[in-house]
Amino acid sequence: MYIQAAAGISPQRSFEAILTQPQNYNGNRLSCQEPDYAQLIDPRMIRRMSRIIKMGVAAAKECLREAGWEVPDAIITGTAYGCLADTELFLAKMIENKEELLTPTAFIQSTHNTVGAQIALLLKCHNYNNTFVHRGFSFESALLDAITLIKEEEISTALVGGVDEITPVSHAILSRFGLYRKEHTDSAALLNTPGKGTMAGEGALFFALSASPSGNDCAKLDDIYTFYKPADRGAVKEQILSFLQRNRLAVKDIDLVITGENGDVAGDAVYTALKTGVWGNAPAISFKQLCGEYPTATGFALWLAVHILHTGKVPGLSPATKPRRVLIYNHYQHIHHSIYLLTAC
Amino acid sequence: MADLKRQIIEQLNLKDVKPEDIGDDQPLFVEGLGLDSIDALELIVLLQQEYKIKLANAEEGQSVFRSVRTMAQYITEHQPKTI
């Protein structure tokens, strides 16, 4: 599976900015660096779009531009929370207007598949369009759907994206669940100051996947695997080793490991155990200090990996040689675990 | 009619449009202001919210929402009388 382009809107301005001057945040959330959407989206369409839709559509457009595609064979998105701002607006109006006189736009735009639908409307694309809402596996499910369709030769190109937003209401609710830190934290120091909870994040990352090489691909996605609620850390280790084995690889063959530590002491224990028990001396970096924690954060990790393989540059490391093979391992709340394997083209 | 134009702009979030940009007889849909079917639903909500007018049947929409003037006429004719 070839990745012809990877583009997105995240709390970081660009991959180059991460290398030179990563954006740091103080508090308990990292917010997206948003472009001037008026330059990217038709003003007649933009007037109805909430923030997450604008983020998704702009990221998808940029990805298509970088890939040089006009219309993909499929548009597949993954989102755990969907269009929260429109959902909140619609629910607030329901209460305010006593369930009468509801504004149709917020209702129509509140569904989880709005981002994928708006991209299709913009492109006048009547091809396969699907959205996966599967908590910490939402983005992985979208990718697996694209991979399956490509392998079955139903399609040869797919635009795949992961999108999730934080709103003040969702942030307050998830904070009450204990997901985020109560005290203010510097994102750059997030992983060095383990505590209870993490920093919230958000993002919209899109990828142009194709069955055959274009000669100008950014990376190759060799494999992806998900597993749910492993019994213990030993089971995680077993799953990772089995994943490597099915790809006929050993840890020594991996040039770079990208892992999903988020500063939460309970969740990070898994990564710490893997560091000593599996990765050993393999070069490793983390990514959630750059994008925050959210259910589709692996979209950001994949975007990071693609740029690392394409440019040969690794944030925070100076490798002697360009990494050729990257492995991503992440878990979301120790429930949804995913592993990706990529190679340079 | 200026008030109605302001309400339309606000309801439909027409950010770059000013009331004076909308002609009294300019078509609201397609070739005029470029509104679409979702906007028609928003205009129905606007009539109910601001003027307590419920469109008797959907067929009426096409003639009522032809322009700001036709909307204003419909509102004048159908607005509930206050005592």
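A crossing is left-handed if the near helix is turned anticlockwise from the far one by less than a right angle, and right-handed if clockwise. I wrote that down before looking at any helix pair.

The model is predicted, so I kept in mind that local features need pLDDT of at least 70 and side-chain atom pairs pLDDT 80 or more, while totals for chains, interfaces and linings use all residues. Residues count from 1 along each chain as its sequence is written, with chains lettered from A and ligands numbered from 1 in the order in which they are written.

**Entry: helices 9 and 10, chain A**

The crossing of helix 9 of chain A past helix 10 of chain A is right-handed.

I then listed contacts (C-beta atoms, placed from the backbone, within 7 Å). Helix 9 of chain A brings Arg233(A), Val236(A), Lys237(A), Ile240(A) and Leu241(A), which meet Val270(A), Ala273(A), Leu274(A), Gly277(A) and Val278(A) of helix 10 of chain A. By class I have 7 nonpolar, 1 polar and 2 charged residues in this contact (nonpolar: Ala, Val, Leu, Ile, Met, Phe, Trp, Tyr, Cys, Pro; charged: Asp, Glu, Lys, Arg; polar: the others, Gly among them).

**Entry: domains of chain A**

I found chain A divided into domain 1 (2–210) and domain 2 (220–343), with bounds from an automatic or database domain assignment. Their centres, over C-alpha atoms, are 22 Å apart. The contact takes 44 residues from domain 1 of chain A and 35 residues from domain 2 of chain A. On the domain 1 side, helix 7 of chain A supplies the largest share, 5 residues.

**Entry: Glu66(A)**

I placed Glu66(A) in helix 3 (residues 51–67) of chain A. Glu66(A) is partly exposed, with 16 other C-beta atoms within 10 Å (20 or more is buried, 12 or fewer exposed, in between partly exposed; C-beta atoms are placed from the backbone). Beyond its neighbours within four places in sequence, Glu66(A) contacts Ala5(A) and Ala7(A).

Conventions. Helices (H or I, at least four residues) and strands (E, at least two) are DSSP runs, numbered from the N terminus. Two residues are in contact if their C-beta atoms, placed from the backbone, lie within 7 Å.
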